Amino acid sequence: MNNDESHTASHNTMNKQEFTTALDTYGSDLGSWPSVLAAQANALLVTDSEARQLLAQQESVEQLLEQMPQPVFPGLQNRVLQQPLPAKSQSWAEQLVDWLIPEQGFSMQWWRPLSAACLPMLVGIVMSNYFTFGVDVADQGFQAWDDELVMLSLTDTSEAATLP
Amino acid sequence: MTDEELMAAVCRGDQSAYQTLVSQHLKAISHYAFRILGSHSDTEDIAQEVFLKMWVNAAQWQPQKAKLSTWLHRIAHNLCIDFLRKHKRMTTDSEIDDEADSEGSSTSTQESTDQASGDKRMQLLLAELHRLPEAQRSAIMLCHFSGFSNQEAADIMSLSVKALESQLARARRSLRSTLGETANNE
């Protein structure tokens with residue numbers, strides 16, 4: 001269309017052949033033509049009766065097209081709606097995403113992602129409750145820490161500070 | 001709900017979204033298919049298949065590339081072309097007559113000569129439309145009836161805009177020529 005405009009913009013006027021070509025391409029509604037072509041066509045229509053006749057013929061054809069009767073298909077909608085549809089098979093990842101981020105439901109759009117985010121923390125609490133991961137409270141070395149703290153508290157460190 | 005939301009629901013297997021889309025688009029799709037195929041029964045088969053394909057291939061629709069109606073018309077167009085190629089036929093004269101007869105019967109009570117002349121022109125238009133090559137007929141139907149822009153119609157028909165405009169121009173010239181001759185003879 002831009003090429004057409006640039007091509008025809010170099011001409012100041014439109015001849016009948018160019019008008020016919022544009023009429024065939026864009027139809028009788030000059031408003032839908034490229035603006036340059038429409039302006040040239042309007043100028044031609046003022047002076048050329050054949051162009052006016054051609055435009056009237058095209059308008060007549062388009063009016064007739066608009067008056068074409070619409071076919072009726074009784075029962076088609078039921079037929080389409082009742083046709084068996086294959087089951088949709090979603091992957092587990094798609095199902096998970098759909099559950100986590102539902103399309104509808106304002107509250108669900110918040111609590112589901114939040115609960116999913118809290119899940120690792122809950123798992124951590126539960127696991128630490130059941131598993132020691134190598135840390136044994138009954139370990140001798142662990143008891144020695146208490147002894148070490150008692151001894152440390154009884155140590156007199158003031159002597160070291162007063163020595164010359 | 002928007003087309004995008006409905007199609008997302010269809011992707012998840014939501015049948016109520018499917019029903020909504022069918023009620024919204026069935027009329028346009030069936031009218032377009034009928035104008036290409038010219039047969040009620042074939043049109044119903046094609047319309048049914050269009051919406052089955054919509055259900056199965058819903059995830060393939062890309063809303064940023066095409067409106068849903070454009071995508072559905074493209075499916076319908078391709079199915080119609082495949083159908084015509086498979087059956088190696090265009091609309092038969094008998095079917096044109098059927099349609100023309102139905103036109104005549106619906107207006108048979110009209111006795112005005114203007115009306116009779118209008119009916120004759122309408123029958124001529126229908127016959128001429130059916131005589132047009134499929135590509136020209138599709139171009140006219142998409143741009144005149146379905147209200148698509150030249151760009152959208154070109155996308156539906158998998159043509160460049162230039163090629164579509166060429167088809168449109170030939171179709172308009174042909175229709176104008178035939179109906180113009182009739183008007184002159186009268």
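Which side chain meets B:Glu128 in a salt bridge? The legends below begin with that pair.

Figure 1. The side chains of B:Glu128 and B:Arg131 form a salt bridge, with N to O at 3.6 Å; the term stands for a side-chain nitrogen of Lys or Arg within 4 Å of a carboxyl oxygen of Asp or Glu. This is a predicted model, in which local features need pLDDT of at least 70, side-chain atom pairs count only at pLDDT 80 or more, and totals for chains, interfaces and linings use all residues. Residues are numbered from 1 along each chain as its sequence is written, chains are lettered from A and ligands numbered from 1 in the order in which they are written, and side-chain values use heavy atoms, with hydrogens and water left out. Helices (H or I, at least four residues) and strands (E, at least two) are DSSP runs numbered from the N terminus. An α-helix has 3.6 residues a turn, so residues three or four places apart point the same way. B:Glu128 counts as buried at 11% relative accessibility, whereas B:Arg131 counts as exposed at 56%. Buried means under 20% relative accessible area, exposed over 50%, and partly exposed in between (1.4 Å probe, protein chains only).

Figure 2. A:Asp24 and B:Arg176 meet through their side chains at 2.8 Å, N to O. A:Asp24 and B:Arg176 are both buried. Over all chains, the count is seven salt bridges.

**Figure 3. Salt bridge between B:Glu152 and B:Lys67.** The two side chains meet at 3.2 Å, N to O. This pair links distant parts of the chain, 85 residues apart: B:Glu152 is in helix H8 (residues 150–157) of chain B, and B:Lys67 is in the loop between helix H3 (40–56) and helix H4 (68–87) of chain B. B:Glu152 is buried, with a relative accessible area of 19%, while B:Lys67 is partly exposed at 48%.

**Figure 4. Helix H7 of chain B (residues 134–145).** The end C-alpha atoms are 15 Å apart, which agrees with the 16 Å that twelve residues should span at 1.5 Å a residue; the expected span is 1.5 Å times one less than the number of residues. The helix is mostly covered, with nine of its twelve residues buried. Among them are B:Ile140, B:Met141, B:Leu142 and B:Cys143. B:Gly147, which follows the helix, has a positive phi near 75°.

**Figure 5. Nonpolar surface patch on chain A.** The patch includes A:Leu119, A:Met121, A:Tyr130, A:Phe131 and A:Phe133, and its residues together have about 1,100 Å² of accessible area. Patches are made of residues with over 30% relative accessible area and no salt bridge; like charges are joined within 9 Å and nonpolar side chains (Val, Leu, Ile, Met, Phe, Trp, Tyr) within 5 Å. Accessible areas come from the Shrake-Rupley method with a 1.4 Å probe, and for residues only the protein chains shown count as cover. A:Phe131 lies in the loop between helix H7 (106–130) and helix H8 (140–154) of chain A, and counts as partly exposed at 49% relative accessibility.
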